[in-house]
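Here's a quick briefing to read alongside the model. Have the sequence and the 3D view open as you go.

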Amino acid sequence: MSTDGWKNFGKYGANLDPGNVHGKFALGQALEDALERMIVDGGIKSPVTTRRGLKARMKYLTTHKGGPQALADAGITATRATIRRWTKGTQQPKPASLEAIDTAYWNLRAHNVMANPGAFKQHLNRAGQGTKMEIHPINQDVVTPTRRRDNLRVRRFQVRYIWDEAVDAMVAGDVDKLEDIWDDVIAELDSDWGAYTYVSHIGLGA
């Protein structure tokens, strides 16, 4: 696609693939995916069906603010005495309650991580080293053949300094700010930077 084609995205069919999106949206999704990995990777590894996994989840839910509400939201209506027995590991919940406890735990952990985005920022900044970004160009199979740029390739490079603002924009749902940040990111590429205004996928190595 020509420079004019990138400015007028969809003029030659690129918008026919729903996976081809503006980089600001792909960046937001990449941040959400990285945050989800951070939540899972830093969470309790033992399954809730094991005594260790159950006790760990119940300890988290009974010692962190919002735990009782998270249990209630997940459908747990057990008495305080039953909650104590589950926490001590002296009583095994029924399968439906185990599933609800697991849901409550992950929901509360996700809420707490989101409430403290500083940890996520540190995760991405990596003490100034930044995070590796992988940018996949748009799928050009849907583009008019004479307008395709088949030489476009996946770009991989280390990205620094943007992460505090990017996380704040993701949390706030500030798409305009994400667009500004994305413009800064692709400005670091060569003269083909305009070809990455729209992409098919962004991966983060954090």
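This is a predicted model: local features need pLDDT of at least 70, side-chain atom pairs count only at pLDDT 80 or more; totals for chains, interfaces and linings use all residues.

Residues are numbered from 1 along each chain as its sequence is written, and side-chain values use heavy atoms, with hydrogens and water left out.

Some terms to have in hand:

- Helices (H or I, at least four residues) and strands (E, at least two) are DSSP runs, numbered from the N terminus.
- Buried means under 20% relative accessible area, exposed means over 50%, and partly exposed is in between (1.4 Å probe, protein chains only).
- Contact means heavy atoms within 4.5 Å.

**Helix α3**

- Helix α3 takes in residues 51–63, and its 13 residues should span 18 Å at 1.5 Å a residue; the end C-alpha atoms are 18 Å apart, which agrees. The expected span is 1.5 Å times one less than the number of residues.
- Its buried residues are Gly 53, Leu 54, Arg 57, Met 58, Tyr 60 and Leu 61. They cover an arc of only 160° around the axis, so they sit on the same side of α3; the arc is that of the directions from the helix axis to the C-beta atoms.

**Helix α8**

- In α8 (residues 163–172), the buried residues are Trp 163, Ala 166, Val 167, Ala 169 and Met 170. Their arc around the axis is only 160°, which puts them on the same side of α8.
- These buried residues pack against α2 (23–41), α7 (117–125), β2 (131–137), β3 (155–159), α9 (175–186) and β4 (198–204).
- Just after α8, Gly 173 takes a positive phi of about 65°.

**Gly 28**

- Gly 28 lies in helix α2, and counts as buried because its relative accessibility is 9%.
- Leaving aside neighbours within four places in sequence, Gly 28 is in contact with Met 170 and Leu 178.
- Gly 28 and Glu 179 are 151 residues apart in sequence but 9.7 Å apart in space, C-alpha to C-alpha.

- Most residues other than glycine have a negative phi.
- Ala 127, in the loop between α7 and β2, has a positive phi near 55°; at 81% relative accessibility, Ala 127 counts as exposed.
- Tyr 161, in the loop between β3 and α8, has a positive phi of about 75°; at 74% relative accessibility, Tyr 161 counts as exposed.
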